[in-house]
Structures are given as structure tokens and as C-alpha cells.
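The following briefing concerns the structure displayed below. Please read it alongside the sequence and the coordinates.

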Amino acid sequence: MWLYEKRLQYPVKISETNPKLAQVIISQFGGPDGELAASMRYLSQRYTMPYNEVTGILTDIGTEELAHMEIVCAIVHQLTRDLTPEQLKASGFDKYYVDHTLALWPQAASGAPWTATYFQSKGDPITDLHENMAAEQKARTTYDNILRLTNDPEICDPIRFLRQREIVHYQRFGESLRIVQEHLDSKNFYAINPEFDVRQDCGC
Amino acid sequence: MSECPNRKELFHHINEVSFAVDDIKLYLDTHPCDDEALECFEEYSQLRNEALKEYAKHFGPLTVDTAVCSEADKWNWIQDPWPWQEGGC
């Protein structure tokens, strides 16, 4: 169950139209290391996670990623909402516009549509947590790449916030991996898969 | 009746204390027995809930649970700008 809160986790107030930058930043909505893939990754993995701390982290970070998706969409929306037909043609945004007008649609900067193949839900806690730690670093690199393309403080400010959260999430997933390993055989972490070989009967 | 607060300042305060709640929540997931963090969570969670009620009362609700706190005679969840719209933040 989710409840909507009518505010952004970090405010976005952009005054100048910039379709070229919007085409790049949209990758963090529907690209390979974007927020939609991040949220779906964690929220998909949590159902078979046997350790409460880690199930909590997957649920709460997966939820925060939805809020980050909304921040990225707000940035793209505010960068494109006042576009004129002339600006559309000059910036190359016409190729997006012809299919979506000025609506948000999850795609990578290249135009490739969002796909569930951007993430894995493998059903093994060591494997999934390594995937998640890598995903946070890939998203951090993407935000670093975006920050090299603009100096506009109205854009950089929320992008820096999102970049910082990737680092915090990476830290929490690292702690989650330690918690998982503490439950396993310290001589061989791979002796069993606790999401398959040891399943608890809930009794219901 | 309390005096009408400054809308921008109260909104900024809600963003700040809510962020503290978001961040401490993740820390507590992996450190559930950290007393200092638990105390910190309680403090900011309380500030957040009070501020959300105060905001709803004067400016309209940000959450469905505070929708009843506002003194409007109609459904004002849909009145104010959405967060991604100009003036919404």
C-alpha cells in the first residue's frame, strides 16, 4: 500500500527552458540506470528476502526511488513546458515531441524505451545486493555525467541531491550485505541460497 | 486561533524534517537497536506530523491523513498546484 504526499522530496524550480538538457536528464527517468528501474528492482526483490532488516531496506529505498522518479520528471517537465515550435526544431526535441508532445514517457537519452531488462531480481540475497550496490554506483556516475553538462544552479541543485542519495543507498545496501552474510556459513557464503534452500513455513 | 504562519517557511520546514525522517528510517532498518537514532527518529517524526497538520489547517493538505485538518468547505486536495507545477514548491 502506498500513500501520495503532495510535495517533492527535494524542491524543483527551474525558470529557463532547456530541451537539450531535458533529453539527457530523461535517462534518469526511463534509462538503464534510472529511478524507475531502481524502484522496480528493489520492490520486486523484496518478496522472497528472508531477513527483516533487508526486506525493510528494499521496501523503503524502493519507495524513495519513486520520489526520485518524481523529482527527475519534474525537472524534465519544467525544462520543456514552455517550448516553442522553433525551439523544438532547433534543439532536436522534435523527435520526442512527435510521439509524446510534452508528456513524460520513460525512455533513455538515446530514445530506447524503458524495459524490465534494465534490472534483475535473481532470488539470491548475495547476488541481488551486489546488483543493487552496482546500480547505485551506476546511477551516481550518471548524475556526475549530467553535472558536467550544466552549470545552471537551478538544475544542479536537485541533481546533486539525487547523486548524494545514491551514495547513502549504496552504504545501506552494503550494510544489508553484511547482515545477510552474518546469517550464512562464514566458511562458505555460497553453501546454500537462503531464498530457496531454507524456506520457513509461515503456518498459515 | 494560532497566528497564520509563513507558508514558504513552513513548507521548507516540512521538507527539512521529512528528509531527516526519510534518512534516519533507512539507517534504522540496518541498525534497529541504535538508541540515539531511535530518539532522533521520534523527535523528527513528531515535528513532521505537527507541521503537516499546521500546514493543512492554513494552506490545504499535503497528505490524505491531514485532509480533515483544513478548514475548507470543499475537497481541497485538488485545489493547490501539484508539486511539479510552478508555485507548487
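The buried residues of H3(A) are A:Glu35, A:Leu36, A:Ala37, A:Ala38, A:Ser39, A:Arg41, A:Tyr42 and A:Gln45; a residue is buried if 20 or more other C-beta atoms lie within 10 Å of its own, exposed if 12 or fewer, and partly exposed in between, with C-beta atoms placed from the backbone. Helices (H or I, at least four residues) and strands (E, at least two) are DSSP runs, numbered from the N terminus. The model is predicted: local features need pLDDT of at least 70, side-chain atom pairs count only at pLDDT 80 or more, and totals for chains, interfaces and linings use all residues. Residues are numbered from 1 along each chain as its sequence is written, while chains are lettered from A and ligands numbered from 1 in the order in which they are written.

**Helix H3 of chain A**

- Helix H3 of chain A covers residues 35-45 and is mostly covered, with 8 of its 11 residues buried.
- Its buried residues pack against three helices of chain A, namely H2 (27-30), H4 (52-80) and H7 (125-147); two residues are in contact if their C-beta atoms, placed from the backbone, lie within 7 Å.

**A:Asp128 in helix H7**

- A:Asp128 is found in helix H7 of chain A.
- Is A:Asp128 buried or exposed? A:Asp128 is buried, because 28 other C-beta atoms lie within 10 Å.
- Leaving aside residues up to four places away in sequence, A:Asp128 touches A:Gln45, A:Ser121 and A:Lys122.
- A:Gln45 is also one of the buried residues of H3(A).
- A:Arg41 and A:Asp128 are separated by 87 residues in sequence, yet their C-alpha atoms are 9.1 Å apart in space.

**Chain A overall**

- Chain A contains 8 helices and 0 strands, and its pattern along the sequence reads α-α-α-α-α-α-α-α.
- Its C-alpha atoms fill a box of roughly 65 × 30 × 30 Å along the principal axes.
- Of the 204 residues in chain A, 36% are buried.
- Among contacts in chain A between residues at least 6 apart in sequence, 76% join residues at least 24 apart.

**Nonpolar cores**

- A nonpolar core is a set of buried Ala, Val, Leu, Ile, Met, Phe, Trp, Tyr and Cys residues joined through C-beta atoms within 7 Å.
- The largest nonpolar core has 37 residues, of which A:Ile25, A:Phe29, A:Ile71, A:Val72, A:Ile75 and A:Val76 touch the most other members.
- Two or more residues of this core come from each of helix H1 (19-25), H3, H4, H7 and helix H8 (153-183) of chain A.
- Which element gives the most to this core? H4(A) does, with 12 residues.
- A second, separate core has 9 residues, including B:Val17, B:Tyr44, B:Ala51 and B:Ala56.
- Beyond residues up to four places away in sequence, A:Ile71 touches A:Leu8, A:Gln9, A:Tyr10, A:Val12, A:Pro158 and A:Leu162.

**Chain B and its helix H1**

- Chain B has 2 helices and 0 strands, and its C-alpha trace spans about 45 × 30 × 20 Å along its principal axes.
- Buried residues account for 16% of the 89 residues in chain B.
- Of the contacts in chain B with a separation of 6 or more, 33% are between residues 24 or more positions apart.
- Helix H1 of chain B (residues 7-30) has 24 residues and should span 34 Å at 1.5 Å a residue; its end C-alpha atoms are 36 Å apart, which agrees. The expected span is 1.5 Å times one less than the number of residues.
- The buried residues of H1(B) are B:Ile14, B:Val17, B:Ser18, B:Ile24, B:Leu26 and B:Asp29.
- These buried residues pack against H4 and H8 of chain A, together with helix H2 (35-59) of chain B.
- B:Leu28, in helix H1 of chain B, is partly exposed, with 18 other C-beta atoms within 10 Å.
- B:Leu28 touches B:Asp34, B:Ala37, B:Leu38 and B:Phe41, not counting residues up to four places away in sequence.
- B:Leu28 and B:Leu38 are 10 residues apart along the chain, and their C-alpha atoms are separated by 7.4 Å.

**Interface and confidence**

- The contact between the chains takes 23 residues from chain A and 15 residues from chain B.
- On the chain B side, the residues that touch chain A divide into 8 nonpolar, 3 polar and 4 charged. Here Ala, Val, Leu, Ile, Met, Phe, Trp, Tyr, Cys and Pro count as nonpolar, Asp, Glu, Lys and Arg as charged, and the others, Gly among them, as polar.
- The predictor gives the complex an ipTM of 0.94 and a pTM of 0.96.
- For chain B the mean pLDDT is 91, and 94% of its residues reach 70 or more; pLDDT is the predictor's confidence in each residue, from 0 to 100.
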